[in-house]
Amino acid sequence: MNHQQILHMDLNDPLANKREEFDLPENKVYLNGNSLGPLPIRARQRAQQVIDQQWGQDLIASWNLHQWIDLPTLAGEKIARLLGAQTGQVICCDSVSINLFKLLACALQLRPHRRTILSQKDNFPTDLYITDGLRQLLGERSFKLVLVEEQEIETAIQNDVGVLLLTQVNFRSGKAYDMQRLTQLAHQHGALVIWDLAHSVGVLPVQLDNWNVDFAVGCGYKYLNGGPGAPAFLYTASRHLGQIKQPLQGWMGHKAPFEFDWDYQSDQGIRQFLCGTPPIISMSVLDAALDVFADINVEQLRDKSMGLMSLFLDLVEADAALASLELLSPRQPELRGSHLAFAHASAYALCQALSENGIVTDYRSPNILRLGFSPLFLRYQDVWHSVQVLSDIIKNSLYNEERFNREIEGARVT
Ligand SMILES: *Cc1c(COP(=O)(O)O)cnc(C)c1O
């Protein structure tokens, strides 16, 4: 593969012009869009408009005038389009952690005689922390959280399981579960499913309605590019909506919040999942960022994401200097999400050295180099360039330099 061919791939890329919708730093290749998506130009414009005009001038009238009150469902419907969900089932609110708490409580109500929540040992920690916290709140005997290895999930789905709680794409390895198949299997055993789509939404084609998924959650700030701390979303199949009661019953989930009733009467639709006042500024920014997706479909994103990752892997495998990188993600594109993970003894130092050379990647303890391939703004030439830089760093043992090997201070984020 030569550079000319790579440039040709960019010329033939149907998503090539999407890059212009982002404000990207110069001379950087951003392989971290799976952790924090970059800034869409329309998101900045919207932030300015919301602050200067809506908040600054129109003040409280904006709740109606600028539809602040409907923002959670308006943004929710834009996300629903990316999830294969019909209207009225997705709402934008809170964080993934809080939404999981609400949905777990609801799922347990629907399976009162089942005592097991089944998940994976290597699930994203917050999913397990939240489940454990709910268990402590409800009493240690209310249910048990059973954690198994990834390859044991299928056999562990038995008739005692009330809820199967899984993240579709593993945040470390990038390995993706077959959501349709596992949902079906869970249902055959009388269990409900909650899927965490943090590393799926905006890049993997999913069909929540067609696959009969019960509940799902996901992030606004990863592939959806909604900005740091952007609100998350949740999905509840309409067949469950009338039969559940989410426990964080704040006034915004009341069927008539502005009647200030003494009694809580929950909204019967998806709005019942609202708790308090939505963060209008950050939700507006996410809402604007979602418009980047308006004229494309998820299949196009998936095709390009697989193309970028295949190119990266082909170039790495063709370069003898890079043999020390051990691929932890599945080699088969259909089995993974949109990031690649490599084990390397000096993964942390590699990540630092790459960063100094303009390639932004991610490090996951203890030895993982993680690279996200967000198809909206990355070019094939960026992939080519990244492999060249990586190769130079390893060939010249640049990562051994002292400045790349200092201990990390403070916390690292997702
Ligand atoms: C990023 C991520 C989250 C984040 O949860 P928040 O509560 O929104 O911070 C949750 N689950 C998974 C799998 C993630 O990757």
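The model is predicted: local features need pLDDT of at least 70, side-chain atom pairs count only at pLDDT 80 or more, and totals for chains, interfaces and linings use all residues. Residues are numbered from 1 along each chain as its sequence is written, and side-chain values use heavy atoms, with hydrogens and water left out.

**Ligand site**

- The ligand has 13 residues around it, and V96, S97, D196, H199 and K222 come nearest. A residue is near if one of its heavy atoms lies within 4 Å of the molecule.
- This shell divides into five nonpolar, five polar and three charged residues. Ala, Val, Leu, Ile, Met, Phe, Trp, Tyr, Cys and Pro count as nonpolar, Asp, Glu, Lys and Arg as charged, and the others, Gly among them, as polar.
- Helices α5 (96-110) and α6 (125-138) each supply at least two shell residues. Helices are DSSP runs of H or I with at least four residues, strands are runs of E with at least two, and both are numbered from the N terminus.

**Ligand contacts**

- K222 places a polar side-chain atom 2.5 Å from a ligand oxygen.
- The side chain of Y221 has an N or O atom 3.4 Å from an oxygen atom of the ligand.
- The side chain of D127 has an N or O atom 3.4 Å from a ligand nitrogen.
- The ligand taken alone exposes 390 Å², and the protein buries 89% of that. Areas come from the Shrake-Rupley method with a 1.4 Å probe.

**Nonpolar core**

- The largest nonpolar core holds 90 residues; L83, L182, W195, L208, L224, F312 and F373 touch the most other members. Such a core is a set of buried Ala, Val, Leu, Ile, Met, Phe, Trp, Tyr and Cys residues joined through side-chain atoms within 4.5 Å.
- Helix α11 (residues 298-317) gives the most to this core, nine residues.
- The core lies between domain 1 (3-30 + 296-405) and domain 2 (47-293), because both give residues to it. Domain bounds come from an automatic or database assignment.

**R370**

- R370 sits in strand β15 (residues 368-372).
- R370 counts as buried because its relative accessibility is 1%. Buried means under 20% relative accessible area (1.4 Å probe, protein chains only).
- A polar side-chain atom of R370 lies 2.7 Å from the backbone oxygen of F171.

Definitions and conventions: A polar contact is a pair of N or O atoms within 3.5 Å; within protein, one must be able to donate a hydrogen and the other to accept it, and residues adjacent in sequence count only if both atoms are side-chain atoms. Buried means under 20% relative accessible area, exposed over 50%, partly exposed in between (1.4 Å probe, protein chains only).
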